[in-house]
Amino acid sequence: TSGVTTLLTNKSFLLPQKSDNPQSVNAYKKEIVTYMKEKSCRSNYKMNAFQFQTEITEKMRSILLDWIVDVHFKFKLDTETLFLTISIIDRVLEIHQISKSKFQLYGVTALFIASKYEEVYSVPHVKDLVYVCDNAYTKEEILATEGKIISLLGFDLLTTSPLRMLNVYQETAKLDQKNYMLARYLI
Amino acid sequence: MQIVIINSNATELYVIHKILYQIKDIIYYYMSASENVRYIKIQKIGEGAYGIIYKAQDVQTEEIVALKKFKLSDNEGVPSCALREISILNQLNHPNIIKLISQIIINKKLHLVMNYYDMDLTEYLKFNHEEFHLKNIIYKILLAVEFIHNRKIIHRDLQPNNILITNNEPVLIDFGLSRVLSPNMTPGVTQLWYRAPELLSNCNTYDYAIDMWSLGCIIAEIALNKPLFMGSSEIHQLLLIKNIINGNEWFLHNSQFAKLNNLFIDLINVCISLEFLEIIIS
């Protein structure tokens, strides 16, 4: 139960307030929501990625994501970073053949890129990432893969995460704290 | 290749010039083929914490472009400001926002290729211009900022040096500090003179208002032909803001605003709104 209470007292899990929160930028809401919908159509997850991949299976993806969630929790990163990481991994899986031994390398590098893009202070260092991989890969390998992923995606990192969409919807639907937590758990 | 000129007279020099001019393309071609050089650096324009900006020429189209070189560190790979700038610039397609032509890697260093403009707003304001042009510039800047705000992006570094002017049309540049709006951000952004009071008091949950504050300062600078607040430190800047803006009718007591049109003052007043400051003080 201690885990649940820390979750509940964590500030980022609180319901975003509507009236006194200047960050909800109500004046621009209509245009922002239109743009977010347009973006999210483009970044939809395609099911044919695993028919395209020869070595990677759906089960391996879920194991990798479990591990990423662990690492993400250890580094105390933002939730937004996790969604961006998953989006990067999925998009790379769609367009690039990855071998079984290199899959974790791609995962950890995606986390590295996402945290560089999204985080304010707590960007993990490369040597820490090498450590969490149990020294399976070297620093140079991570940096090389970073360049590869970025050029594969063509620097397209601006995506709409499910979390951002939920925050928009909850303001229109006027969810209370309990239902908001349930929705966050579901995504 | 060595060229020694003995007994040089005008005709010989002319011939040599002509030959050199003819083989110029061949030299460029070999350079681009051997070293994969498409852009030749002409001169350095500016330097910042992120890297260096060069003026360069495209060998293939002979176009003048600006090259922005990022420092790549061995330890951390691509810097986060480069990641943000490229991914944001790729999304923005607007006549008053700079276009990213391509990004290339020369000597293992990341370069951004962008259009080159030779004048920024500070230099532009040193000459006298018609009121019509100035109004047009203000309007276009506001349009560009609205465009990026509609995409949930904050620029965070609006200042006259980051607004380039070509044919009396403004172009917004330098998205190295901009990012998507998020609940937690660092307060150390924007140049001091254009920094909003919430940033000066170290607040990390700000929003578009910081861009609007910078815009208000820029518009006032266009009108008065000198920066509105010229602080030397963060405390000094806050004091200046407090001295000039005192109450809702602050511009009535200030002689330098007397010659300005009322509509103009309204615009500045809306941008430099003090709502946030009151929240902080209370």
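**Figure 1. Chain B is divided into two domains, domain 1 (38-115) and domain 2 (119-281).** The model is predicted. Where the domains meet, 13 residues of domain 1 of chain B and 18 residues of domain 2 of chain B take part in the contact. On the side of domain 1 of chain B, the greatest losses of area to domain 2 of chain B fall on B:Arg84, B:Ile88 and B:Asn96. Together these three account for 40% of what that side buries. The area buried between domain 1 of chain B and domain 2 of chain B is about 1,300 Å². Carbon and sulfur atoms give 66% of this area.

**Figure 2. Chain B as a whole.** Chain B has 9 helices and 9 strands. Of its 282 residues, 46% are buried. Consider the contacts in chain B between residues at least 6 apart in sequence: 55% of them join residues at least 24 apart. The accessible surface of chain B is about 15,200 Å². Carbon and sulfur atoms hold 54% of that surface.

**Figure 3. Polar links between domain 1 of chain B and domain 2 of chain B.** The count of salt bridges between these two domains is 1. Across their interface, 5 residue pairs are in polar contact. Helix α2 (residues 80-91) of chain B gives 5 residues to the side of domain 1 of chain B that touches domain 2 of chain B, the largest share of that side. A further close-up shows B:Lys68 and B:Asp174, whose side chains meet in a salt bridge. The distance from N to O is 3.4 Å.

**Figure 4. Chain B meets chain A.** The contact draws on 36 residues from chain B and 30 residues from chain A. In chain B, the residues that lose the most area to chain A are B:Glu76, B:Leu83 and B:Gln91. Together they make up 21% of what that side buries. The size of an interface is often given as the accessible area lost when the parts come together. Here chain B and chain A bury about 2,900 Å² between them. Carbon and sulfur atoms carry 57% of it.

**Figure 5. Elements and polar links at the interface of chain B and chain A.** Between chain B and chain A, 2 residue pairs are in polar contact. Three elements of chain B give two or more residues to the side that touches chain A: α2, α4 (131-150) and β9 (179-180). The largest share of that side, 8 residues, comes from α2(B). The interface of chain B and chain A also holds 1 salt bridge.

**Figure 6. A salt bridge joins the side chains of A:Glu118 and B:Arg179.** Its N to O distance is 3.0 Å. Elsewhere, B:Lys68, B:Glu85 and B:Asp174 are joined into one network by salt bridges that share partners.

**Figure 7. Two salt bridges within chain A.** Over all chains, the structure holds 8 salt bridges. One of them pairs the side chains of A:Arg61 and A:Asp90, at 2.8 Å from N to O. A:Arg61 lies in helix α4 (residues 58-74) of chain A and A:Asp90 lies in helix α5 of chain A, so the pair ties together parts that are 29 residues apart in sequence. Both A:Arg61 and A:Asp90 are buried. A:Glu146 and A:Lys116 are both buried.

**Figure 8. A:Val92 and A:Leu93 in helix α5 of chain A.** This helix spans residues 79-95. A:Val92 has 3% relative accessibility, so A:Val92 counts as buried. Leaving aside neighbours within four places in sequence, A:Val92 is in contact with A:Ile98, A:Tyr106, A:Ile149, A:Leu152 and A:Leu153. A:Arg184 is 92 residues from A:Val92 in sequence and 26 Å away in space, C-alpha to C-alpha. A:Leu93 is buried too, with a relative accessible area of 1%. The C-alpha atoms of A:Leu93 and A:Gln53 are separated by 7.3 Å, though these residues are 40 apart along the chain.

Definitions and conventions:
Residues are numbered from 1 along each chain as its sequence is written. Chains are lettered from A and ligands numbered from 1 in the order in which they are written. This is a predicted model: local features need pLDDT of at least 70, side-chain atom pairs count only at pLDDT 80 or more; totals for chains, interfaces and linings use all residues. Side-chain values use heavy atoms; hydrogens and water are left out. Helices (H or I, at least four residues) and strands (E, at least two) are DSSP runs, numbered from the N terminus. Buried means under 20% relative accessible area, exposed over 50%, partly exposed in between (1.4 Å probe, protein chains only). Contact means heavy atoms within 4.5 Å. Accessible areas come from the Shrake-Rupley method with a 1.4 Å probe; for residues, only the protein chains shown count as cover. Domain bounds come from an automatic or database domain assignment. Buried area is the accessible area (1.4 Å probe) that two parts lose on being put together, summed over both. A salt bridge is a side-chain nitrogen of Lys or Arg within 4 Å of a carboxyl oxygen of Asp or Glu. A polar contact is a pair of N or O atoms within 3.5 Å; within protein, one must be able to donate a hydrogen and the other to accept it, and residues adjacent in sequence count only if both atoms are side-chain atoms.
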